[in-house]
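This report goes through a few side-chain features of one structure. Please look at the sequence and the model first.

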Amino acid sequence: MKNIKKKIPKEIGPYSYIYESKGIFMISGQIPISKKNKKIPKKISSQIKIILENIKNIIKCNNLEIKNIVKITIFVTNIKNIKIINKIYKKFFEKYTKKFPARTCVEVSKLPKNSDIEIDAIAIK
């Protein structure tokens, strides 16, 4: 995981950013903590952009590309934000690949650090 500490915020618990087993990479749930100021922005649009950028950096630091992502799970505290999430999510993936990963989106009551969204991913080399 070369240079990953320079690219994304430090973990907030006892887990790894990414875990690899037999060519399958599990990316831990990412919340939208900005690397620059260590804060979570208020707007859901800004939050999802930070998360996707963090996932991209984790993937790249492990010699993978966005097209290697096969599954995404999104946890949101308000499912009414799905239109905004879908718009940013679609634009992000279309920039890197023609194929969207499988996806699950679940509304939850609360997330770490009072984030509005958390995303994890699975990638295959």
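## Aromatic pairs

The count of aromatic pairs in this predicted model comes to three. One of them joins F92 and F93, whose ring centres are 5.2 Å apart with 85° between the planes, an edge-to-face arrangement. F92 and F93 are both buried.

F92 also pairs with Y96. Their ring centres lie 5.2 Å apart and their planes meet at 55°, so this pair is tilted. The label follows from the angle, because planes under 30 degrees apart count as stacked and those over 60 as edge-to-face, with the rest called tilted.

## Positions in helix 3

F92 and Y96 both belong to helix 3, which covers residues 82-96. Because they are four residues apart in that helix, about one helical turn separates them.

Are F92 and Y96 buried or partly exposed? F92 has a relative accessible area of 12% and is therefore buried. Y96 is at 29% relative accessibility, so Y96 counts as partly exposed. The cut-off behind both labels is that buried means under 20% relative accessible area and exposed means over 50%, with partly exposed in between.

Y89, F92, F93 and Y96 make up one aromatic cluster. One member of this cluster, Y89, has a charged group over its ring: the charged end of R103 sits there, 4.6 Å from the ring centre.

## The salt bridge

How many salt bridges does the count give? The count comes to one. It links the side chains of K56 and E53, with 3.1 Å from N to O.

K56 and E53 are both in helix 2, residues 44-60. Because they are three residues apart there, about one helical turn lies between them. K56 has 11% relative accessibility and so counts as buried. E53, at 34% relative accessibility, therefore counts as partly exposed.

## A nonpolar surface patch

Which residues make the nonpolar surface patch? Y19, I24, M26, V70 and I124 form it, and its area is about 420 Å².

One of these residues, M26, is found in strand 2, which runs over residues 24-30. M26 has 33% relative accessibility, so M26 counts as partly exposed.

Note on methods
Residues numbered from 1 in each chain as written. Predicted model: local features only at pLDDT ≥ 70, side-chain atom pairs only at ≥ 80, totals over all residues. Heavy atoms only, no water. Patch = residues over 30% accessible without salt bridge, like charges linked within 9 Å, V, L, I, M, F, W, Y side chains within 5 Å. Areas by Shrake-Rupley, 256 points an atom, 1.4 Å probe, with all protein chains shown as cover. Salt bridge = Lys/Arg side-chain N within 4 Å of Asp/Glu carboxyl O. Helix = DSSP H or I, 4+ residues; strand = E, 2+ residues; numbered from the N terminus. Buried < 20%, exposed > 50% of the residue type's maximum accessible area, 1.4 Å probe, protein only. Phe/Tyr/Trp six-rings, centres within 6.5 Å; stacked < 30°, edge-to-face > 60°. Lys NZ or Arg CZ within 6 Å of the ring centre and 35° of its normal.
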